[in-house]
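Trainee: I have a fold here to read through. Could you walk me through it, feature by feature?

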Amino acid sequence: MTDAAITGSCLCGGVRFELTELPTAAGYCHCTRCQKRTGTASSAQARVDARTFRLVQGEELVKGWRHPDGGFEKCFCRECGAHLFSRDPEGSPQMSIRMSAFDEDPGVRPMWHTFVDYAASWEPLPDDGLERYPENKARG
Ligand SMILES: [Zn+2]
Ligand SMILES: [Zn+2]
């Protein structure tokens, strides 16, 4: 029996996780770290409360990497390379899940673009009417 609201996984299926509540906020991050990390122009990610998150399978496959300058720990599958989530190494309940890691439609839609001052030169920001922030967006 599970009380999961939604499940997620990596590309090879070795890592599986679930959330007990659906995410209610999401956005695109255009920072240069996200560009390198994802191999794309931005990262679409949902913000969740880490207390609703449960790693169901593959803990030994989850590799966390932290930039030497700090920031959240970026977690991905060491087997297939799929990016999964990021979390606060200090243990706060703030957490982001990569939208592509969900196994089904999480319901929430991206509401903003952050770090647009660093957006890739080769992909114009979409004219989608979403909020834009030059750098980070204050967590609300
Ligand atoms: Zn994997
Ligand atoms: Zn970013």
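This is a predicted model: local features need pLDDT of at least 70, side-chain atom pairs count only at pLDDT 80 or more; totals for chains, interfaces and linings use all residues.

Trainee: What secondary structure does the protein chain come to?
Mentor: Helices (H or I, at least four residues) and strands (E, at least two) are DSSP runs, numbered from the N terminus. Here that gives one helix and eleven strands, in the order β-β-β-α-β-β-β-β-β-β-β-β from the N terminus on.
The radius of gyration, taken over C-alpha atoms, is set against a globule rule of 2.2 Å times the number of residues to the power 0.38. For this chain it is 15 Å, close to the 14 Å the rule gives for 140 residues, so the chain is as compact as a globular protein of that length.

Trainee: Which order do the strands take in the open sheet?
Mentor: In general, strands of a sheet pair through backbone hydrogen bonds, either parallel or antiparallel. The criterion for a pair is that DSSP finds at least two bridges between the strands. In this case eight strands line up as β6-β7-β8-β9-β4-β3-β10-β11, with mixed pairing. β6 (62-65) and β11 (131-132) are the edges, each pairing on one side only.

Trainee: How many bridges join β4 to β9?
Mentor: Five, and those two strands (β9 is residues 94-98) run antiparallel, with Q45 opposite R98 in β9. β3 (residues 25-29) and β4 (residues 43-49) also pair in the antiparallel sense, over five bridges; there, Y28 faces A44 in β4. For a parallel case, take β10 (residues 112-114) and β11, paired over two bridges, where H113 is opposite R132.

Trainee: Which residues have the most contacts inside the largest nonpolar core?
Mentor: As background, nonpolar side chains tend to be buried together in soluble globular proteins. A residue is buried if 20 or more other C-beta atoms lie within 10 Å of its own, exposed if 12 or fewer, and partly exposed in between, with C-beta atoms placed from the backbone. A nonpolar core is a set of buried Ala, Val, Leu, Ile, Met, Phe, Trp, Tyr and Cys residues joined through C-beta atoms within 7 Å. The largest one here has 18 residues, and L84, F85 and I97 have the most contacts inside it. β7 gives the most, with three residues.

Key. Residues are numbered from 1 along each chain as its sequence is written. Chains are lettered from A and ligands numbered from 1 in the order in which they are written.
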